[in-house]
Amino acid sequence: MEPSFLRPPQAILFACTMNSIRSPMAEALFKLRFGTRAYCDSCGLRKGTIDPMAVFAMDDLGVDLSKHRAKTFDMLDDDNFDLIITLSPEAHHRALEFTRHLSLEVEFWNTFDPSLAEGTREQRMDAFIEVRNQLDRKIRDRFAELKP
């Protein structure tokens, strides 16, 4: 049996501030690209509602985020993750606190919050699509070992 640090993660958690844009998109992208090769979930520090622009950005890829229900760290069914990827500084601090007594890896992918983008609707939508594309690239690169 190979040591756990040499094996790809089997359970991944994406975390951001409100679980309404970045972490649900990352969870959905992981599932789109890698299916059930590893368990994947998402959460936030606070519980928000899914952003309609995130739904629209993911719809371009044939992914329906409209039924996503935000949850917090405290609402997770379990803490049996191998890896937590945080997408905001606040989520990173909370993940480090969450894992204080657990043996798992935490990675910080500082990701722009597209809800802060200003301008026309089209300019704001471009920010959501750019975040989606950035997350998609990072997920494909980070988890390339999960490809068959």
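A: One term to start: buried means under 20% relative accessible area, exposed means over 50%, and partly exposed is in between (1.4 Å probe, protein chains only). The model is predicted, so local features need pLDDT of at least 70, side-chain atom pairs count only at pLDDT 80 or more, and totals for chains, interfaces and linings use all residues. Residues are numbered from 1 along each chain as its sequence is written, and side-chain values use heavy atoms, leaving out hydrogens and water.

Q: Which residues of H4 are buried?
A: Among them are Met-125, Phe-128, Arg-132, Asp-136 and Ile-139. Helices (H or I, at least four residues) and strands (E, at least two) are DSSP runs, numbered from the N terminus.

Q: What covers them?
A: The cover includes strand S1 (11-16), helix H1 (22-34) and helix H2 (52-59).

Q: How far does H4 reach?
A: H4 runs over residues 121-142 and spans 32 Å from its first C-alpha to its last. That is close to the 32 Å expected. The expected span is 1.5 Å times one less than the number of residues.

Q: Switching to strands. In which sense do S1 and S2 pair, parallel or antiparallel?
A: Parallel, over six bridges. Strands pair if DSSP finds at least two bridges between them. Ile-12 stands opposite Cys-40 in S2.

Q: And what handedness has the crossover from S1 through H1 to S2?
A: This β-α-β crossover is right-handed. With the strands pointing away from the viewer, the path from the first strand over the helix to the second runs clockwise.

Q: How much of S2 is buried?
A: Five of its six residues, so S2 (residues 39-44) is mostly covered.

Q: Now rings. How many aromatic pairs are there?
A: Six. Rings of Phe, Tyr and Trp (its six-membered ring) pair if their centres lie within 6.5 Å; planes under 30 degrees apart count as stacked, over 60 as edge-to-face and the rest as tilted.

Q: What's the geometry of Phe-30 and Phe-143?
A: Edge-to-face, at 5.2 Å centre to centre and 90° between the planes. Phe-30 is in helix H1, Phe-143 in the segment after H4, 113 residues apart.

Q: Is Phe-30 buried or exposed?
A: Buried, because its relative accessible area is 0%. Phe-143 is buried too, at 0%.

Q: Which residues cluster with Phe-30?
A: Phe-34 and Phe-143 form one aromatic cluster with Phe-30.

Key: Contact means heavy atoms within 4.5 Å.
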